[in-house]
Amino acid sequence: MATGWGESAGARVPEPASPPTPPEAAGAPPRAAADVYLEVQRSAAFQEVRSRYRRFVIPAVAAFFVWYVAYVVAATTAPALMARPVAGSVNVAMLAGLGQFLTTFLLTWAYARHARLRRDRAALELRWDTQELTRGVRGGAS
């Protein structure tokens, strides 16, 4: 139970466990947390995760931006084309506008899938390694 809850007045509170020995006490030179993060940032694993991220995001953003600008330019410079009926009262502009929403959802799905399949595991391992390295810097605190 929590201290003071349901205990008699004479109940003894157990001593907290001693923290693990920091690496400095084991003979390793002291390291600052900033050094750990810089080491991780320079690692090949981190660079690979960033590279995978950029290989997906930069082309995806560029393609979506071009598609969006093409829609806006067509809507402002070619109103006759955009007003052309496709089916009943549905015209080209309405289909292109709905296409913007559709491509947004498809891009979100593709990004989540890419992250799950190609980056999440490596990023989680990097996070774990970084926490393990910084645990020694902070003296065992998590």
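**Overall architecture**

The protein contains 5 helices and 2 strands. Along the sequence these elements follow the order α-α-α-β-β-α-α. Of the 142 residues in the protein, 13% are buried.

**Confidence**

The mean pLDDT of the protein is 79, and 73% of the residues score at least 70. Over residues 1-22, pLDDT stays under 50, and the model has 9 contacts beyond four places in sequence for this segment. Where pLDDT is low, the predicted coordinates should not be read in detail.

**Packing of α2 and α4**

Helix α2 spans residues 44-77 and helix α4 spans residues 92-118; the two pack at an angle of about 180°, with their axes 11 Å apart. Angles over 145 degrees count as roughly antiparallel, and α2 and α4 are therefore roughly antiparallel to each other. On the α2 side, the contact is made by Arg 52, Tyr 53, Phe 56, Val 57, Ala 60, Phe 64, Trp 67, Tyr 68 and Tyr 71. The residues that α4 contributes include Ala 93, Ala 96, Gly 97, Gly 99, Gln 100, Thr 103, Leu 107 and His 114. By class, this contact of α2 with α4 comprises 13 nonpolar, 6 polar and 2 charged residues.

**Two residues of the contact**

Trp 67 and His 114 both take part in the contact between α2 and α4. Trp 67 lies in helix α2, whereas His 114 is placed in helix α4. Their accessibilities are set out below.

| Residue | Relative accessibility | Class |
|---|---|---|
| Trp 67 | 30% | partly exposed |
| His 114 | 12% | buried |

Burial requires a relative accessible area under 20%; His 114, at 12%, therefore counts as buried. Trp 67, with a relative accessible area of 30%, is partly exposed.

Leaving aside residues up to four places away in sequence, Trp 67 touches Ala 96, Gly 99, Gln 100 and Thr 103. Trp 67 and Thr 103 are 36 residues apart in sequence, and their C-alpha atoms are 9.3 Å apart in space. With the same exclusion of residues up to four places away, His 114 touches Arg 52, Phe 56 and Arg 119. Arg 52 and Phe 56 are among the α2 residues that make the contact with α4.

Definitions and conventions: Residues numbered from 1 in each chain as written. Predicted model: local features only at pLDDT ≥ 70, side-chain atom pairs only at ≥ 80, totals over all residues. Heavy atoms only, no water. Axes fitted to C-alpha atoms, helices over the stretch in contact; angles between N-to-C directions. Helix = DSSP H or I, 4+ residues; strand = E, 2+ residues; numbered from the N terminus. Parallel < 35°, antiparallel > 145°, perpendicular 65-115°, else oblique. Contact = heavy atoms within 4.5 Å. Nonpolar A, V, L, I, M, F, W, Y, C, P; charged D, E, K, R; others polar. Buried < 20%, exposed > 50% of the residue type's maximum accessible area, 1.4 Å probe, protein only. pLDDT = per-residue confidence, 0-100.
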